[in-house]
Amino acid sequence: MSSPPVLLLCRLFPGTFTDVAHRFRLLDFYASALPIHAFLAAVAAHADPPRVVLVFGGGPIPVGAELFDAVPSLRCIITVSAGTNHIDLRECARRGVQVANAGGIYSTDVADYAVGLLLDVLRHVSAGDRFVRRGLCPEQRGGDFLPLGSKIGGRRVGIIGLGSIGSAIARRLEAFGCVVSYHNRRRREDVAYAYFPTATDLAASSDVLVVACALTAETRRIVDRGVLDALGERGVVVNVARGANVDEAELVRALAEGRVAGAGLEVFDDEPNVPPELWAMDNVVLTPHQAIFTPESMADLSRVVLANLDAFFAGEPLLTRVEASE
């Protein structure tokens with residue numbers, strides 16, 4: 001009996017899906033020379049077309065009606081991301097297509113990364129690296145001093161989105177002596193952090209604003225000009241969620257005009273494109289959406305994907321099922 005086919009529309013580090021490939025026949029778009037629609041037509045015409053597809057955000061085709069029309073056999077989507085904003089969940093529900101995500105496997109890595117970004121912005125780590133490489137240290141002729149950095153301890157940190165990642169960030173920052181508060185869709189009764197009903201109220205009571213929420217219609221551009229102005233000229237923004245959670249144009253203007261002190265940005269609105277105005281700002285740290293990429297998280301991802309594939313083909317509930325209402 002041949003291995004079940006699985007459509008692969010995502011590209012990760014080599015070796016991530018080695019164990020999956022041992023158990024399933026991967027139909028990998030990125031290993032094909034065909035354009036996406038021709039590739040999908042060939043896949044759909046196969047005598048044994050795939051019922052499952054592995055996807056990620058920013059893939060070669062929208063994950064919704066267009067994909068389902070191209071490959072009508074699909075009955076399950078497994079995304080390798082925690083977020084599902086790239087998937088039309090209502091269309092999946094309408095067509096009876098199950099959806100699973102990566103669950104909470106990335107939470108610790110993203111939380112570590114968020115703290116690293118904040119430390120970098122406050123203490124000018126990346127700026128100091130560039131300073132040394134350009135030979136501008138005070139000990140060298142013509143050298144100068146970097147601006148004074150800031151302590152992280154005692155900072156008031158507001159977290160937008162106190163889910164798995166946001167909670168892990170909060171615990172880490174508490175250990176630094178930060179005062180944590182949060183904004184969520186609703187107050188959480190299981191935490192003692194101060195709750196603010198709006199992002200603007202949270203920003204007005206924070207020195208640092210960490211964006212860690214899912215991207216939904218309600219959270220798109222949740223950090224807008226009003227929130228940035230409430231944060232103020234000494235405030236710092238850290239975004240490890242999605243680029244569209246922040247009004248990027250307003251953030252660029254706020255940074256350029258000195259209305260916000262700095263930013264640590266792991267995600268952008270139009271990836272892989274980054275606003276060029278940010279390139280020369282030493283008070284901004286830019287990284288290429290890489291927070292989840294550790295050997296440990298990739299091994300966890302392989303296990304989660306395999307578990308979901310096994311569950312689907314056995315007719316059992318998916319391990320990390322996502323409902324359309326989410």
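**Figure 1. Surroundings of Phe17 in the predicted model.** Phe17 touches Leu8, Cys10, Leu12, Leu26, Leu54, Val80 and Val305, not counting residues up to four places away in sequence; contact denotes heavy atoms within 4.5 Å. The structure is a predicted model, in which local features need pLDDT of at least 70 and side-chain atom pairs count only at pLDDT 80 or more, whereas totals for chains, interfaces and linings use all residues. Residues are numbered from 1 along each chain as its sequence is written, and side-chain values use heavy atoms, with hydrogens and water left out.

**Figure 2. The nonpolar cores.** A nonpolar core is a set of buried Ala, Val, Leu, Ile, Met, Phe, Trp, Tyr and Cys residues joined through side-chain atoms within 4.5 Å. Buried means under 20% relative accessible area, exposed over 50%, and partly exposed in between, with a 1.4 Å probe and protein chains only. The largest core has 56 residues, and Phe17, Ile159, Ile169, Leu173 and Leu301 are those with the most contacts inside it. Helix H5 gives the most to this core, with nine residues. At least three residues of the core come from each of domain 1 (6-104 + 295-322) and domain 2 (106-286). Apart from it lies another core of 27 residues, among them Leu228, Val237, Ala263 and Phe268. In soluble globular proteins, nonpolar side chains tend to be buried together.

Figure 3. Helices (H or I, at least four residues) and strands (E, at least two) are DSSP runs, numbered from the N terminus; two strands pair if DSSP finds at least two bridges between them. Seven strands form an open sheet in the order E8-E7-E6-E9-E10-E11-E12, with parallel pairing. Strands E8 (194-195) and E12 (284-286) stand at the edges with a single partner strand each, so one side of each is left without a neighbour in the sheet. Helix H5 (residues 107-123) packs on the sheet, touching strands E9 (208-211), E10 (236-239), E11 (262-265) and E12, and its direction makes about 150° with that of E10. Axes are lines fitted to C-alpha atoms, for helices over the stretch in contact, and angles run from 0 to 180 degrees between N-to-C directions.

**Figure 4. Strands E6 and E7.** Five bridges join E6 (residues 156-160) to E7 (residues 179-183), and the two strands run parallel. The bridge partner of Val157 in E7 is Val180, while that of Ile160 is His183. Strand E6 is largely enclosed by the rest of the structure, because four of its five residues are buried.

**Figure 5. Ser302 in helix H11.** Ser302 is found in helix H11 (residues 295-313). Ser302 is buried, with a relative accessible area of 6%. Its contacts are Thr16, Asp19 and Val20, not counting residues up to four places away in sequence.

Figure 6. A search of the whole structure finds zero disulfides, a disulfide being a pair of cysteine sulfur atoms within 2.5 Å. For Cys76, the nearest cysteine sulfur is that of Cys92, 9.5 Å away. Cys76 counts as buried, at 0% relative accessibility. For Cys213, the nearest cysteine sulfur is that of Cys178, 19 Å away. Cys213 is also buried, with a relative accessible area of 11%.

Technical notes
Domains from an automatic or database assignment.
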